[in-house]
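Here is a short note to read beside the model. Please keep the structure open while going through the points.

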Amino acid sequence: MSSRLENLQAALASVFESKGLTSVLDRQEVTLDVAVNDYLVVAETLRDHAELRFEQLIDLCGVDYSSYAAPRSSSLRYAAVLHLLSVSKNWRLRLRVHAADDEFPVLPSVNGIWPAANWFEREAFDFYGIMFEGHPDLRRILTDYGFVGHPFRKDFPVSGYMEMRYDPEQGRVIYQPVTIAPREVTPRIVREESYGDVGHG
């Protein structure tokens, strides 16, 4: 393990000792799991504390752990995973928070802490259905406004629920239920009896 990662873990342990948070080092990356109730306070501390100084949010993405193969620290299904960068300290951190309710996942927005979270949170809402409380403009960003469901959820059907097509009679794009019939996609090989014979044809 590099001394930089050791220093980061030591700094995290020192700063968050009162909250009982511990970081995990795996594959040369440090991850800090936080409860949803502590999420905003921890995020602000990560940004502002002189020993940490995570000034930049590099990425925020949704995760659906419904069929995750490895043992999990939480039985909750949906999470937001943030990748943070400290330019002044030259280290990186993964921050993970699980939504408390699988039926209606809600997390606080960190847009007020890291403005770069704006479009990332919209993407997590669009693809996973995670609501971000306090977000200034939470709406779909990549799927169409008429899109039904959240396509990155593990239980979303591969062919979707709706399809759109141009209707020449109506002169516009229309939406209709998916009409793709289930089918077997295993290729079937049909050969003539004389296929491959020398002198054939």
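Predicted model: local features only at pLDDT ≥ 70, side-chain atom pairs only at ≥ 80, totals over all residues.

1. Salt bridges overall. The count comes to nine salt bridges. The cut-off is 4 Å between a side-chain nitrogen of Lys or Arg and a carboxyl oxygen of Asp or Glu. Some of the pairs are taken up in turn below.

2. Asp 38 and Lys 19. These side chains form a salt bridge, with N to O at 3.7 Å. Asp 38 sits in the loop between strand 2 (29–34) and helix 2 (39–48), and Lys 19 in the loop between helix 1 (3–15) and strand 1 (23–26), so the bridge ties together parts 19 residues apart in sequence. Asp 38 is partly exposed, at a relative accessible area of 23%. Lys 19 is partly exposed too, at 36%.

3. Arg 27 and Asp 26. Here the closest N and O atoms of the salt bridge are 2.6 Å apart. Is Arg 27 buried or exposed? Arg 27 is exposed, with a relative accessible area of 70%.

4. Asp 33 and Arg 96. A salt bridge joins these two side chains, at 2.6 Å from N to O. The pair links distant parts of the chain: Asp 33 belongs to strand 2 and Arg 96 to strand 5 (residues 91–98), 63 residues apart. Asp 33 is partly exposed, with a relative accessible area of 25%.

5. Where the lining comes from. Helix 1, strand 2, strand 4 (78–86) and strand 5 each supply at least two residues of the lining of the second largest pocket. Strand 5 gives the most, with four residues. Strand 5 also holds Arg 96, the partner of Asp 33 in strand 2.

6. How do the lining residues of the second largest pocket divide? Seven are nonpolar, three are polar and four are charged.

Conventions: Residues numbered from 1 in each chain as written. Heavy atoms only, no water. Buried < 20%, exposed > 50% of the residue type's maximum accessible area, 1.4 Å probe, protein only. Nonpolar A, V, L, I, M, F, W, Y, C, P; charged D, E, K, R; others polar.
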